[in-house]
Amino acid sequence: MNAMSPPAPTLATKTASGGEILLRLSGVRKAYRGAVAVESVDLEIRRGEFFTMLGPSGSGKTTTLRLIAGFEQPDAGTIELDGVDMARTAPFDRNVNTVFQDYALFPHMSVAENVAYGLKAKRVAAAECRDRVAEALRMVQLADFAGRLPAQLSGGQRQRVGLARAIVNRPGLLLLDEPLGALDLKLRQDMQLELKHIQEQVGITFLYVTHDQEEALSMSDRIAIFNRGEIEQIGTPEEVYERPTTPFVANFVGSSSIVKRRGRRFMLRPEKVQVLPVGERAAFGFHGEEGRLEDRVYLGMFTKYVVRLGDGTKIVAVQPNAEGATGQLEKQRGEPVLVVWNPETAWPV
């Protein structure tokens, strides 16, 4: 077995799509002094998945994570890990580790000592402990930093130490509570790619909590969208972005314009919409409506247009600034324009 191989599976229950279930939540509810934080959450996570719980502050995602970790007890429902209900099991008796946003590193210990802390507490033999720490640091690209103190590391490096300290214990499930939230934008984007790569290497199931849609879309195998303590939709990044099932999901995952025509409501993603000068013909089969330009914002790779149609509907469009295309629509605010979209890309919500 590889030094960082995940634990052998103990349950062979399958999901409808054939993946083996590691974690199942059924009818989970939690309230604080009468205020419901989580209501009737049903969730299945497959072994080896990178699964993300996405939602705004107060939506119930972090409470759900804490219930899975054992830091909170549910008022109702079951939390099964490998087929065993863990709802009343202490956190240290669950095959689960948690990575927090603040890293919680011991400042007086070296990187290697921080990573080895949990293994020593479990009285793992010295030679095995040394090998597992070295492998974990290699996984997170910190093999050359083993002797440094946390204060000598960057924010991204401290985040990797926290990750190494968790994966060195070989948990069946790794919980990550907004671990990139304290990093600047560029480093956060870099770490998104690294986290997914590390997860694929170690084969551990990751359950990730975030309010950042880009993080969720870029890393996840599947995403659960939380709103007001309930799950509104579960699906792949492509499914929740391209085919949202509720107006909340359509507006929260990315941006969209909601249009009502003939008693029906549908969503338009901004990259699916074109803004053209009035009088220009739309492509065959495309739908076009006239409106007035409310705003135009240059965003480097893209230009964002905000158009108000005659019935008051606001349409947002983004168009790439391809070579020679930055001046393709030199209209001023208030001037008439043509908004065009393919009806096949309009998704009902």
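**Conventions**

The model is predicted, so local features require a pLDDT of at least 70 and side-chain atom pairs count only at pLDDT 80 or more, while totals for chains, interfaces and linings use all residues. Residues are numbered from 1 along each chain as its sequence is written, and side-chain values use heavy atoms, with hydrogens and water left out.

**Stop 1: colour by confidence**

Colour the chain by pLDDT, the predictor's confidence in each residue, from 0 to 100. The protein averages 88, and 93% of the residues score at least 70. Helices and strands are named here from DSSP runs, numbered from the N terminus (helices: H or I, at least four residues; strands: E, at least two). Now select residues 1-13, where the pLDDT is below 50. Beyond near neighbours in sequence, this stretch has 33 contacts in the model, a contact being heavy atoms within 4.5 Å.

**Stop 2: the two domains**

Select residues 21-249 as domain 1 and residues 256-348 as domain 2; such bounds come from an automatic or database domain assignment. Their centres, taken over C-alpha atoms, are 39 Å apart. Seven residues from domain 1 and seven residues from domain 2 take part in the contact.

How much area is buried between domain 1 and domain 2? The value is about 600 Å², with 50% given by carbon and sulfur atoms. Buried area is the accessible area (1.4 Å probe) that two parts lose on being put together, summed over both. The rule finds one salt bridge across this interface, where a salt bridge is a side-chain nitrogen of Lys or Arg within 4 Å of a carboxyl oxygen of Asp or Glu. Next, select Lys272 and Glu242, which form a salt bridge with their closest N and O atoms 3.7 Å apart.

**Stop 3: the nonpolar cores**

A nonpolar core is a set of buried Ala, Val, Leu, Ile, Met, Phe, Trp, Tyr and Cys residues joined through side-chain atoms within 4.5 Å. Buried means under 20% relative accessible area, exposed over 50%, and partly exposed in between (1.4 Å probe, protein chains only).

The largest core has 36 residues, and Leu163, Ile167, Leu174 and Phe206 touch the most other members. Two or more residues come from each of α2 (111-121), α3 (126-139), α4 (155-167), β7 (173-177), α5 (185-202) and β8 (205-210). Centre the view on Leu163: apart from its neighbours within four places in sequence, Leu163 is in contact with Val99, Val140, Leu174, Leu176, Leu195, Ile198 and Phe206. A second, separate core has 24 residues, including Leu22, Leu23, Val41 and Leu173.

**Stop 4: salt bridges**

The structure holds 21 salt bridges. Select Glu44 and Arg24, whose side chains meet at 3.2 Å, N to O. This pair links distant parts of the chain, with Glu44 in strand β2 and Arg24 in strand β1 (residues 21-32), 20 residues apart. Glu44 is partly exposed, at 31% relative accessibility.

Move to Arg261 and Glu289, a salt bridge of 2.8 Å, N to O. Arg261 lies in strand β11 and Glu289 in strand β14 (residues 287-298), so this pair ties together parts 28 residues apart in sequence. Glu289 is buried, with a relative accessible area of 16%, whereas Arg261 is partly exposed at 21%.

Then show Arg308 and Glu294, which meet in a salt bridge at 2.9 Å, N to O. Arg308 belongs to strand β15 (residues 302-309) and Glu294 to strand β14, so parts 14 residues apart in sequence are tied together. Arg308, at 32% relative accessibility, is partly exposed, and Glu294 is partly exposed at 36%. Select also Glu20, Arg47 and Asp82, which salt bridges with shared partners join into one network.

**Stop 5: positive phi**

Where is Arg228 placed? Arg228 is in the loop between β9 and β10 (230-235). Its phi is near 55 degrees, a positive value in a residue other than glycine, and Arg228 is exposed with a relative accessible area of 74%.

Finish at Arg262, in the loop between β11 (257-261) and β12 (264-268). Arg262 has a positive phi of about 55 degrees although it is not a glycine, and Arg262 is exposed, with a relative accessible area of 87%.
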